[in-house]
Every structure is written in C-alpha cells, then in structure tokens.
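Thanks for coming. Please have a look at it first.

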Amino acid sequence: MLLVLTIGSDFMSESEKYIPGTKRGEGITFERTDEEKIQMQKERIGKIVREKMKEKGLSYRKLQDMTSVYNYQIQAVVKGKNNYKIETLLRILNALDIEL
C-alpha cells in the first residue's frame with residue numbers, strides 16, 4: 001500500500017522546503033534554510049548577556065551560583081554555540097534582569 005501525504009503551504013514556513021526522502025529511511029524531511037539567521041540571533045543574545053554580566057561585574061562562576069545553570073551552559077549561551085533549553089536561557093536572563 002502506498003500512502004501519499006500532501007502538505008499545503010499553510011503548514012510550511014517560508015524557511016522550510018519540502019524534500020522527498022530522508023537521510024534515515026523513507027519519508028518526508030524539511031531542509032532548514034534559516035540556520036544563518038538563527039545563528040546570528042544566538043550570537044546577538046550572547047552579546048547582550050555578556051554585556052550585562054560585565055555591567056554587573058559577574059563572572060561565569062558567580063552567575064552559575066545565582067542561576068543553578070552550569071558554567072559550560074552559560075558559556076554556550078554567551079558564545080552563541082550549541083542549542084540550549086529555553087529554561088536555561090530564561091534563568092540567565094532573569095538573573096541579569098534582562099526583559100524580553
């Protein structure tokens with residue numbers, strides 16, 4: 001039996017593109033075309049956090065103590081590297097009094 005899935009444009013953002021097949025097995029995948037934009041946003045967030053840490057005279061260790069977020073996770077946010085949980089980001093932003 002062949003199952004055909006039709007996806008209308010209402011279900012896809014402008015940053016997604018339909019690609020038949022997958023890297024693992026069969027099916028439907030979406031190629032992300034917004035990776036560069038997301039990376040720039042992560043770096044911008046990191047810059048804001050870094051500046052606020054400097055303004056408040058906080059080290060990574062002190063911010064870790066204030067947030068219960070590990071030092072390496074804080075560094076990942078500041079450097080715009082890796083993916084992190086929204087809860088991690090919110091703990092850091094709250095400790096630094098950064099409003100969204």
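This is a predicted model, and I start with its largest nonpolar core, which has 14 residues. The residues with the most contacts inside this core are Val49, Met53, Leu63, Ile74, Ile92 and Leu96. Where do they come from? Helix H1, residues 35-56, helix H3, residues 71-79, and helix H4 each supply at least two residues of the core. The largest share comes from H4, with four residues.

Take Leu96 from that list. Leaving out residues up to four places away in sequence, Leu96 touches Val49, Lys52, Met53, Lys56, Leu58 and Leu63. Val49, Met53 and Leu63 are also among the core residues with the most contacts.

Now a step back to the whole chain. It has four helices and two strands. Of the 100 residues in the chain, 23% are buried. If we take contacts between residues at least 6 apart in sequence, 40% of them join residues at least 24 apart.

How do H2 and H4 pack? Helix H2 covers residues 60-67 and helix H4 covers residues 86-95, and they pack at an angle of about 105° with their axes 10 Å apart. Angles of 65 to 115 degrees count as roughly perpendicular, so H2 and H4 are roughly perpendicular to each other. On the H2 side the contact is made by Leu63, Met66 and Thr67, and on the H4 side by Arg91, Ile92 and Ala95. Sorted by class, this contact has four nonpolar residues, one polar and one charged. Leu63 and Ile92 we have met already, in the list of core residues with the most contacts.

Staying with H4, there is also Thr88, which is found in this helix. Is Thr88 buried or exposed? Its relative accessible area is 6%, and buried means under 20%, so Thr88 is buried. Again leaving out residues up to four places away in sequence, Thr88 touches Val69 and Gln73.

Last, the aromatic rings. The count comes to one aromatic pair. That pair is Tyr70 and Tyr72, and it is stacked, at 5.8 Å centre to centre with 15° between the planes.

Methods: Residues are numbered from 1 along each chain as its sequence is written. This is a predicted model: local features need pLDDT of at least 70, side-chain atom pairs count only at pLDDT 80 or more; totals for chains, interfaces and linings use all residues. Side-chain values use heavy atoms; hydrogens and water are left out. Axes are lines fitted to C-alpha atoms, for helices over the stretch in contact, and angles run from 0 to 180 degrees between N-to-C directions. Angles under 35 degrees count as roughly parallel, over 145 as roughly antiparallel, 65 to 115 as roughly perpendicular and the rest as oblique. Contact means heavy atoms within 4.5 Å. Ala, Val, Leu, Ile, Met, Phe, Trp, Tyr, Cys and Pro count as nonpolar, Asp, Glu, Lys and Arg as charged, and the others, Gly among them, as polar. A nonpolar core is a set of buried Ala, Val, Leu, Ile, Met, Phe, Trp, Tyr and Cys residues joined through side-chain atoms within 4.5 Å. Buried means under 20% relative accessible area, exposed over 50%, partly exposed in between (1.4 Å probe, protein chains only). Rings of Phe, Tyr and Trp (its six-membered ring) pair if their centres lie within 6.5 Å; planes under 30 degrees apart count as stacked, over 60 as edge-to-face and the rest as tilted.
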